[in-house]
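Let's take a friendly look at a protein model together. Have the picture ready and follow along.

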Amino acid sequence: MGWWGHLGAPKQRGIAIYTLSPYEQRAFAGAAHQAVFNTFRRVSGQAFYIAVPFGLAYYVFSWGKKNHQYRLSKEGHAQYGEH
């Protein structure tokens with residue numbers, strides 16, 4: 001075993017390291033454009049999983065509200081025999 005950090009293993013070969021000057025980097029190049037289209041892609045991919053339960057819940061809610069109003073009417077009282 002060698003000195004601190006040198007475990008006696010053979011030298012690494014074939015590793016290429018590339019660097020770029022910080023003055024030549026464009027960290028946010030196209031970030032706004034990519035964010036818009038990536039957000040659209042992700043939302044459209046999940047829209048089915050969101051829209052179907054909400055649509056079903058809206059249908060059940062509107063049916064229940066309409067049925068409740070019908071049961072409070074004279075026709076509903078006559079049909080269901082309540083009151």
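## Starting with one residue

Phe54 has a relative accessibility of 60%, so this residue counts as exposed, since the cut-off for exposed is over 50%. Keep in mind that the model you are viewing is predicted.

Where does Phe54 lie? You can find Phe54 in helix 1, which covers residues 31-72.

Helix 1 has 42 residues, and at 1.5 Å a residue they should span 62 Å. The C-alpha atoms at its ends are 57 Å apart, which agrees with that expectation.

Now trace the helix to Gln46, where helix 1 bends by about 45°.

## The whole chain

In total, the chain has 2 helices and 0 strands. Its C-alpha trace spans about 95 × 40 × 20 Å along the principal axes. The radius of gyration of the chain is 33 Å, whereas a compact globule of 83 residues would have one near 12 Å.

What share of the 83 residues is buried? Buried residues make up 2% of them. The accessible surface of the chain is about 8,700 Å², and carbon and sulfur atoms account for 64% of that area.

Conventions: Residues are numbered from 1 along each chain as its sequence is written. This is a predicted model: local features need pLDDT of at least 70, side-chain atom pairs count only at pLDDT 80 or more; totals for chains, interfaces and linings use all residues. Side-chain values use heavy atoms; hydrogens and water are left out. Helices (H or I, at least four residues) and strands (E, at least two) are DSSP runs, numbered from the N terminus. The radius of gyration is taken over C-alpha atoms; the globule rule is 2.2 Å times the number of residues to the power 0.38. Buried means under 20% relative accessible area, exposed over 50%, partly exposed in between (1.4 Å probe, protein chains only). Accessible areas come from the Shrake-Rupley method with a 1.4 Å probe; for residues, only the protein chains shown count as cover. The expected span of a helix is 1.5 Å times one less than its number of residues. The bend at a residue is the angle between axes fitted to the seven residues ending there and the seven starting there.
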